[in-house]
Amino acid sequence: MCRFEPTGAESRLHLRAQFASQAKPVSLPGTDQRKKPRHPAWNHAFSEPLAERAYQAYVTEMQLPGLVFLLICLTFAALPWVLKAPGECNSSLWDCDVRFWGLSAIVPLLTGFWAAVFQSRRADKRYTPEEHNRLLFCALVTWSSGIAFKGLLKELSTVTLTNRSFDHETVAWSFDEFAPRIFCSFIFNMIICHNDKLFFWFNVVYALMSLPSLLPYTVYHQGLPHVVNIASGVSLVRMHLYSLSIPVSIFIGMTVDKHRRHNFIALRKLVQRRCMYQTAAARMQPKRHLHELDALTGSAEPLVECYESVTVMFCTFTKESVARIPDPAELRKLMGRIYMVFDELVRHHRLAKVEHVCSDYVVCSTELKVGPDHAAEVSAELDALALVALARQMLHTLKTHFSPCGNSLDVKIGIHRGPLAGGIAGKSLRFFRIFGDTVNTAARVCQAAPKG
């Protein structure tokens with residue numbers, strides 16, 4: 001069975017496919033009319049925990065490289081704030097009010113710190129989606145808090161009060177402060193929208209951080225009261241645009257998450273289908289050919305492999321025993337149960353089953369498993385002994401388990417070793433077949449052998 005194990009760094013990449021072969025079909029809330037959704041109407045979380053965790057791992061793996069790049073860009077984008085502050089403080093930050101330049105210097109440092117944290121977690125095998133979501137929430141809140149309070153602290157600083165003119169624009173709602181806030185509202189909501197709880201709490205915290213910038217304040221400078229942070233004109237328009245941007249960004253984040261979940265469902269179905277194809281192909285040909293399936297499917301040339309020496313065993317049911325069971329359905333059921341037992345015996349001896357056609361069952365030595373390039377490494381004596389032991393167990397199984405049930409089937413077995421060729425040909429029902437005098441000789445030995 002095709003299965004993906006959720007261990008290590010590979011789990012973050014393939015956990016989205018872990019439930020492809022074992023989970024029930026997943027549907028978005030609202031598509032299943034038999035059950036009431038357990039989540040709010042604005043959320044699109046999967047109802048199955050395994051599917052939801054696989055989706056979180058999928059988003060984590062896809063999000064990490066872009067998130068690191070974004071944080072690095074934000075770090076360099078905030079550097080002009082630090083370079084601009086000395087010019088407005090008479091070229092000396094130490095003689096300037098720390099409220100004027102403090103957050104402008106701290107924000108790029110914290111952003112660079114979070115970029116280094118996420119970069120180090122990319123190679124950590126123990127990094128889980130839950131840990132990623134917690135770190136992501138802390139990083140976005142940290143950067144958003146710096147953007148939210150930087151302009152307000154500048155407005156309350158002594159530098160701004162000293163340089164204030166009659167038509168002074170509110171620093172908290174200047175374009176240099178307004179643009180980063182809009183950026184945070186839209187970009188960060190699209191980053192964190194994959195997790196319903198973090199998506200909700202980030203917007204709550206972000207809205208609360210914006211409230212202090214909406215209020216006027218009375219401060220004293222040189223003994224005189226000053227009313228600051230009064231938005232008017234363009235600043236008032238920017239304030240209303242920012243208030244409107246929060247619900248718009250929430251709606252965009254929900255839309256992005258909805259489409260991403262639909263794409264994830266389509267990817268899950270694709271993984272399911274490919275898993276079934278690989279499982280079916282592994283039953284028709286050696287597993288070492290699975291990586292060549294795409295090339296073999298589109299190629300009209302047959303695949304041919306030549307072996308210098310392979311041990312072949314033919315097992316066939318006698319015509320007399322088959323004729324004793326007149327009902328075809330009962331005969332196929334009995335032969336099916338016998339073939340299932342034979343398959344387990346072949347797997348136990350680590351041999352290579354070639355096919356079973358009608359009443360013929362064909363097994364070869366392990367050269368067919370490893371391929372012609374490594375056939376010389378196989379011990380011919382051990383394989384021959386294993387085939388003889390397999391033949392004895394087959395006969396013993398038929399006598400002890402199937403003969404007492406009433407209708408029984410007698411078998412004849414023939415073994416021969418020699419050169420042969422194997423391969424795949426045709427465009428449909430492309431099974432692996434073996435050809436050559438060795439195969440014909442083993443079949444004739446089987447026909448001439450006594451039953452049992």
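Predicted model: local features only at pLDDT ≥ 70, side-chain atom pairs only at ≥ 80, totals over all residues.
Which residues does UniProt list for "transmembrane region"? The unreviewed entry gives residues 64-83, 98-118, 198-219 and 239-256. UniProt positions are stated in the numbering used here, feature names are shortened, and annotations may be inferred rather than shown by experiment.

Residues are numbered from 1 along each chain as its sequence is written, and side-chain values use heavy atoms, with hydrogens and water left out.

Let me return to the listed spans. Residues 64-83 are 95% helix and 0% strand, with end C-alpha atoms 30 Å apart. Helices here are DSSP runs of H or I with at least four residues, strands are runs of E with at least two, and both are numbered from the N terminus. Residues 239-256 are 100% helix and 0% strand, and their end C-alpha atoms lie 26 Å apart.

I turn now to a helix pair. Helix H4 covers residues 98-121 and helix H5 residues 129-156; their axes come within 8 Å and cross at roughly 170°. H4 is therefore roughly antiparallel to H5, a term that applies to angles over 145 degrees. The axes are lines fitted to C-alpha atoms over the stretch in contact, and angles run from 0 to 180 degrees between N-to-C directions. By class, 15 nonpolar, five polar and five charged residues make up the contact of H4 with H5. Asp, Glu, Lys and Arg count as charged; Ala, Val, Leu, Ile, Met, Phe, Trp, Tyr, Cys and Pro as nonpolar; and the others, Gly among them, as polar.

Next, the cysteines. How many disulfides does a search of the whole structure find? The search finds zero, a disulfide being a pair of cysteine sulfur atoms within 2.5 Å. Cys73 is partly exposed, at 33% relative accessible area, whereas Cys306 is exposed, at 59%. Buried means under 20% relative accessible area, exposed over 50%, and partly exposed in between, using a 1.4 Å probe and protein chains only.

Finally, two alanines. Ala179 belongs to helix H7, residues 175-192, and is partly exposed at 30%. Its C-alpha atom is separated by 9.4 Å from that of Arg238, 59 residues apart along the chain. Ala442, in helix H15 (residues 437-448), is buried at 0%.

Terms used
Parallel < 35°, antiparallel > 145°, perpendicular 65-115°, else oblique.
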